[in-house]
Amino acid sequence: MKRQGGFTLIELVVVIVILGILAVTAAPRFLNLQSDARASSLDGLRGAMQGAAGIVYGKAAIEGQERSNTAVTIESDEGDVTAIFGYPTADQNGIVAALRDTGDWQVSGGAATAGATIQMTFAGANPNWGCSVTYTAATSGATPVIASSDADAC
């Protein structure tokens with residue numbers, strides 16, 4: 001009789017276990033999900049800033065404050081926001097108050113003047129990530145500039 005060739009059950013199980021170990025250790029290196037999540041969070045923050053700025057401008061327009069070249073307080077039931085040219089100022093009382101930040105973001109810079117900038121990044125972030133969103137307050141009626149860092153830098 002001819003002897004049939006093939007793999008034993010033990011050999012097949014060992015190969016499956018080895019492939020499983022390789023998949024668990026090597027897959028995270030190929031699938032960089034953390035940087036994608038950070039980039040998506042920054043896009044969300046940028047969108048929230050744009051939405052908050054639009055809402056504050058609408059409230060300022062209703063109050064007749066959309067052309068004010070000095071910082072004014074826009075009052076609401078949710079909290080007061082400082083605005084210039086109708087848009088939130090680039091400080092804690094402006095865009096940060098409009099966002100109602102709960103401590104998820106680290107804030108640096110800012111002032112209650114036209115053209116001032118404030119930068120927001122992840123609280124406790126690794127400085128090597130380079131992930132941030134910059135808000136530049138409105139100047140002479142122009143809309144504020146909201147820019148996020150390069151998604152590849154995250």
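Ser108 has Gln119 in strand E5 as its bridge partner. The model is predicted. The pairing of E4 (105–109) with E5 (residues 117–122) is antiparallel and runs over five bridges. Strands of a sheet pair through backbone hydrogen bonds, either parallel or antiparallel.

**Four-stranded sheet**

- The sheet is open, has four strands in the order E4-E5-E6-E7, and is paired in the antiparallel sense.
- E4 and strand E7 (145–148) are the edge strands; each has a single partner strand, so one side of each lacks a neighbour in the sheet.
- On average, neighbouring strands in this sheet are turned by 20° against each other, direction ignored.

**Helices across the sheet**

- Helix H2 lies across E4, E5, strand E6 (133–136) and E7, and runs at about 175° to E7.
- Helix H3 lies across E4, E5 and E6, and runs at about 40° to E5.

- E1 (residues 72–74) and E2 run antiparallel and are joined by three bridges, with Val72 opposite Ala83 in E2.
- Six residues lie between the strands in the hairpin of E1 and E2, where Gly79 takes a positive phi near 135°.
- E2 and E3 pair over two bridges, again in the antiparallel sense, and Ile84 stands opposite Tyr87 in E3.
- Two residues lie between the strands in the hairpin of E2 and E3, where Phe85 takes a positive phi near 55°.
- In a regular strand the side chains alternate between the two faces of the sheet.
- In E2 (residues 81–84), Val81 and Ala83 point one way, Thr82 and Ile84 point the other way, and all are buried.

**Thr89**

- Thr89 sits in the loop between strand E3 (87–88) and H3.
- Thr89 counts as buried because its relative accessibility is 0%, and buried means under 20%.
- Apart from neighbours within four places in sequence, the contacts of Thr89 include Thr82, Ala83 and Ile84, as well as Gly94 and Ile95.

**Largest pocket**

- The largest pocket holds about 250 Å³ of space.
- Its lining has 14 residues, and Ile55, Val56, Ser76, Val81 and Ala98 lie nearest the centre of the pocket.
- H2 (33–63) and H3 (92–99) each supply at least two residues of this lining, and H2 gives the most, with four residues.
- By class, the lining of the largest pocket comprises seven nonpolar, two polar and five charged residues.

Terms used. Residues are numbered from 1 along each chain as its sequence is written. This is a predicted model: local features need pLDDT of at least 70, side-chain atom pairs count only at pLDDT 80 or more; totals for chains, interfaces and linings use all residues. Side-chain values use heavy atoms; hydrogens and water are left out. On a 1 Å grid over the protein atoms alone, a cavity is a set of points where a 1.4 Å probe fits but cannot get out, and a pocket is an open set with protein on both sides within 12 Å along at least five of seven lines; lining residues have an atom within 4 Å of a point. Grid points are joined across faces, edges and corners, and a volume is the space filled by probe spheres set on the points. Ala, Val, Leu, Ile, Met, Phe, Trp, Tyr, Cys and Pro count as nonpolar, Asp, Glu, Lys and Arg as charged, and the others, Gly among them, as polar. Buried means under 20% relative accessible area, exposed over 50%, partly exposed in between (1.4 Å probe, protein chains only). Contact means heavy atoms within 4.5 Å. Two strands pair if DSSP finds at least two bridges between them. Axes are lines fitted to C-alpha atoms, for helices over the stretch in contact, and angles run from 0 to 180 degrees between N-to-C directions.
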